[in-house]
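This report describes one protein chain for a reader who has not seen it before. Please look over the sequence and the model before reading on.

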Amino acid sequence: MTGRVSRPLITLQGTYDVLLPINRTGDVYDRMVTDSGRGDLHRYYRIENGTHTDGFYAVAPKVVRPMQACFTAAFDDLVEWTRKGFTPPPGHTVPLPTGTAATATGCDL
């Protein structure tokens with residue numbers, strides 16, 4: 001937990017994560033990686049309306065966003081990065097798809 005990563009790393013965290021608040025965990029770790037001078041090895045994606053567990057989607061589908069599609073996209077990007085040299089886009093907040101409420105399909109990192 002020093003931020004001194006030595007291999008490519010993709011981090012995802014939902015902006016609605018109440019179990020591990022994003023401003024105390026993901027945001028802090030991203031700063032640690034950047035401060036250690038290894039930001040080129042890290043991509044941090046903040047998933048708008050994502051929560052810690054997709055189980056909340058069944059209770060509040062118009063409020064939270066399931067993150068499974070984002071996890072799958074991130075894993076695919078990590079494989080491309082480490083095996084084929086494709087560099088994923090810089091970290092950013094991933095918005096909900098335009099014109100829709102939270103959705104179970106798709107995630108463009």
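## Strands and their partners

Ile47 stands opposite Val94, a residue of strand 3. This is a predicted model, in which local features need pLDDT of at least 70 and side-chain atom pairs count only at pLDDT 80 or more, while totals for chains, interfaces and linings use all residues. Residues are numbered from 1 along each chain as its sequence is written, and side-chain values use heavy atoms, with hydrogens and water left out.

Strand 2 and strand 3 (residues 92–94) run parallel and are joined by three bridges. Strand 2 also pairs with strand 1 (residues 9–14): six bridges join these two, again in parallel. Two strands are taken to pair if DSSP finds at least two bridges between them.

Strand 2 covers residues 42–47, and five of its six residues are buried. Buried means under 20% relative accessible area, exposed over 50%, and partly exposed in between (1.4 Å probe, protein chains only).

## The chain as a whole

The chain has three helices and three strands, in the order β-α-β-α-α-β from the N terminus on. Helices (H or I, at least four residues) and strands (E, at least two) are DSSP runs, numbered from the N terminus.

The C-alpha trace spans about 40 × 30 × 20 Å along its principal axes. A compact globule of 109 residues would have a radius of gyration near 13 Å, and the 14 Å of the chain agrees with this. That radius is taken over C-alpha atoms, and the globule rule is 2.2 Å times the number of residues to the power 0.38. Of the 109 residues, 34% are buried. Among contacts with a separation of 6 or more, 72% are between residues 24 or more positions apart; contact means heavy atoms within 4.5 Å.

## The disulfide

The chain has one disulfide, counted as a pair of cysteine sulfur atoms within 2.5 Å. The disulfide joins Cys70 to Cys107, with 2.1 Å from S to S. Cys70 lies in helix 3 (residues 68–84) and Cys107 in the segment after strand 3, so the link ties together parts that are 37 residues apart in sequence. The link is right-handed, with 90 degrees about the S-S bond.

Asn49 is found in the loop between strand 2 and helix 2 (56–59). Most residues other than glycine have a negative phi. Asn49 is not a glycine, yet its phi is positive, at about 70 degrees.

Thr51 is found in the loop between strand 2 and helix 2. Which residues is Thr51 in contact with, leaving aside its neighbours within four places in sequence? They are Gly14, Tyr16, Asp17, Phe56, Val64, Arg65 and Met67.

| Residue | Relative accessibility | Class |
|---|---|---|
| Cys70 | 0% | buried |
| Cys107 | 12% | buried |
| Asn49 | 12% | buried |
| Thr51 | 6% | buried |
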